[in-house]
Amino acid sequence: ILRGAVGFRRNVYSKILIILIILIFMFYFFKNLNTNVNNSVANDILLSDKLVDNSEKNKINELELLIRADLAKQEKGLGDNGQGADLTGDAKEKGEKQLATIALNEELSEHISYNRTPPDGRHPACRNKKYDLDNLLTTSVIIIFYNEPYSVLVRTVHSVLNTADSRLLKEIILVDDASTNDELKDKLDYYVKTRLPNKVKILRLRNRLGLIRARLAGARLAKADVLFFLDAHCECMKQWLEPILERIKESRTSVLVPIIDVIEAKNFYYSTNGYTDYQIGGFTWDGHFDWHDIPKSERERQKRECKEKNIDICPSYSPTMAGGLFAISREYFWEIGSYDEQMDGWGGENLEMSFRVWQCGGTLETIPCSRVGHIFRDFHPYSFPDNRDTHGINTLRMAVVWMDEYIDLFYLNRPDLKNHPGMGDVTHRKVLREKLHCKSFKWYMENVYPEKFIPTKKVLAYGRLASLAENLCCDTLQQNADKPYNLGVYACFRPEVTASQLLSLTRNNVLRTERSCATVQHTRDSSQRFVVMVPCIGDDEVSDNWNITNSKQLKHIQTGLCLDSSDLSTKNYVHVTTCNSGVKSQKWEFQHEGS
Ligand code: LR7
Ligand code: MN
């Protein structure tokens, strides 16, 4: 009996052994199969992870020395806590030159540690919050780059690794949009291979595809629950992932952005403004993204949400997003139509995704407990083949698919894009819109962005404001609308009105352009006061009002003075002066009656 029992046991052991061997075999078989699938799906990409095994010793030694030199150059403590830093002597000069050529102080970046800490500028309520890290979603961070300064890119990766709990971070996918800078090739491969954990991967595109298709390539490889896209020059604040992952778990159709803090390109100062006065996204009718303060109505909605949930800080709905830093459920990203893959180069994809998400049933939210710094550069250090206006053409594709009749306001600002032959085909995006049963742009304007000014609606008059004295029209003279400027006159453009001559007199008697409202200069000399255009958000917040009189004058109600086009000695600026219905230079006519 005893012998029988031993024999039986031996039998069981060998069976277990055979099963184990089969399991191990299958594990490796499927693992390999998986990498093969990756390679064949991503037809045009090279996964460069062979370098360290294959290349010669010399090359490796060389790279190792370069990397050690980089590390030796970094000064301990420099820029810590997000402080701005300064160089001296030759290095300072070099940095200043780079600021002019690549819009960023690369030399300074090389002196700052990859692991410098950003400040903690979060709302106190965010700092006290606890998260159940074992039950949050996982993230694939996707960072695309084209010729970014090596040290800035590497710092971005370190920053993610330093701040993301390993339970939440499945992988970081770096997508190289066919950079030509050598440092971003073997040296970066070697650094990632030898200094960073396995979860950092590099995807090399064979050809430059532009940022939209580069993000798509990264997204195709990603495996985690959530995609978090970042530009290649970011630094993450403590716990930037947790509140985002929590919100997506609660609401999978929410597309989320962190507060985007400014890191200055000249001294790497990471500035944290207050935690409640952050801005949200809007757009201009010429198709650009812009920032603006959270309107009263949204603040009130936020308060209500906070009260209901009994929490201190809540997301704010945002009509649009800047586009570079955002998180979305991976499944939802594909469901909602990822990107228009026919968009080239740079630009336009951010408004496209914003409108699409809102119109097709999702929401776009800023999560104030999540903060990420972004280096804002004064200009793009790269160009595109043929100097194509990719932003314009991409925006045209967006407008044709999503903006319905409001596209006229876009064409008004961009007449050059009407019937542009470069637009290409957008049928598949229109089909997508049908398939997802998306709402109209009118719905978006009324429900998501009601504070957005529409120059032709709810107005007493609009269009060109022409002087009856001579062929002159009020004109912004293309001055920067981010700050106050004087209203001028210029020869009227006809037959179509141009954006610089498009004015509206609203039902609240506010005289304005899309972004600026007309006020009267404060000065003692009341005979000649300029008309100052100041940034305005809502009509109700403007204290200057205007009336059209029976004798065709435009009268400033608060001062009782009238708009006058005479005496243009100073740069074609118009002024207001004592009303006199007898002079022609005070007679004006709007192009259209209001509706
Ligand atoms: O051909 C290119 N291929 C690329 O991979 C050109 C650029 N890129 C990379 C580039 O290296 C960078 O990592 O794409 C990323 C974005 O390019 P930036 O940093 O030059 O763009 P930006 O920060 O000036 O522009 C904002 O608008 C763009 C519109 O297409 C993108 O959506 C950017 O991601 C976006 N950036 C942000 O939203 C950060 C917040 C700033 C604001 C406003
Ligand atoms: Mn950027």
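Two residues are taken to be in contact if their C-beta atoms, placed from the backbone, lie within 7 Å. In that sense His233 touches Glu148, Val152, Thr156, His374 and Ile375, when residues up to four places away in sequence are not counted. The structure is a predicted model, in which local features need pLDDT of at least 70 and side-chain atom pairs count only at pLDDT 80 or more, while totals for chains, interfaces and linings use all residues. Residues are numbered from 1 along each chain as its sequence is written, and chains are lettered from A and ligands numbered from 1 in the order in which they are written.

**The chain as a whole**

- The secondary structure of the protein chain comes to 17 helices and 26 strands, where helices (H or I, at least four residues) and strands (E, at least two) are DSSP runs numbered from the N terminus.
- Along the principal axes, the C-alpha atoms of the protein chain fill a box of roughly 125 × 60 × 50 Å.
- Of the 595 residues of the protein chain, 39% count as buried; a residue is buried if 20 or more other C-beta atoms, placed from the backbone, lie within 10 Å of its own, exposed if 12 or fewer, and partly exposed in between.
- Among contacts in the protein chain between residues at least 6 apart in sequence, 77% join residues at least 24 apart.

**Strand 13 and its partners**

- Strand 13 (residues 363-376) has 12 of its 14 residues buried, so it is largely enclosed by the rest of the structure.
- Strand 7 (residues 254-264) pairs with strand 13 in the parallel sense over 11 bridges, pairing being assigned if DSSP finds at least two bridges between two strands, and Val257 stands opposite Thr366 in strand 13.
- Strand 6 (residues 234-236) pairs with strand 13 in the antiparallel sense over three bridges, and Cys234 has His374 of strand 13 as its bridge partner.
- Strand 11 (residues 316-317) also pairs with strand 13 in the antiparallel sense, over two bridges, with Tyr317 opposite Glu365.

**His233**

- His233 is placed in the loop between strand 5 (226-230) and strand 6, and it counts as buried because it has 23 C-beta neighbours inside 10 Å.
- Although His233 and Ile143 are 90 residues apart along the chain, their C-alpha atoms are separated by 9.2 Å.

- Of the 24 residues around ligand 1, Tyr146, Asp177, Ala322, Gly323 and Gly324 come nearest; a residue belongs here if its C-beta atom, placed from the backbone, lies within 6 Å of the molecule.
- By class, the shell around ligand 1 has 11 nonpolar, eight polar and five charged residues, where Ala, Val, Leu, Ile, Met, Phe, Trp, Tyr, Cys and Pro count as nonpolar, Asp, Glu, Lys and Arg as charged, and the others, Gly among them, as polar.
- Strand 2 (139-145), helix 9 (210-221) and helix 13 (349-359) each supply at least two residues of this shell, and helix 9 gives the most, with three residues.
- Helix 13 is itself mostly covered, with 11 of its 11 residues buried, including Trp358 and Arg356.

**Helix 3 against helix 8**

- The axes of helix 3 (residues 57-73) and helix 8 (residues 186-195) come within 10 Å and cross at roughly 80 degrees; axes are lines fitted to C-alpha atoms, for helices over the stretch in contact, and angles run from 0 to 180 degrees between N-to-C directions.
- Helix 3 and helix 8 are therefore roughly perpendicular to each other, since angles of 65 to 115 degrees count as roughly perpendicular, those under 35 as roughly parallel, those over 145 as roughly antiparallel and the rest as oblique.
- Leu63, Leu66 and Ile67 in helix 3 meet Asp186, Lys187, Tyr190 and Tyr191 in helix 8, and by class this contact has five nonpolar, no polar and two charged residues.

**Backbone details in loops**

- Ser338, in the loop between helix 12 (330-335) and helix 13, has a phi near 35 degrees, a positive value in a residue other than glycine.
- Just after helix 13, Gly361 takes a positive phi of about 105 degrees.
- A cis peptide bond, with omega about 5 degrees, joins Arg494 and Pro495, and Pro495 is found in the loop between strand 17 (488-491) and strand 18 (503-506).
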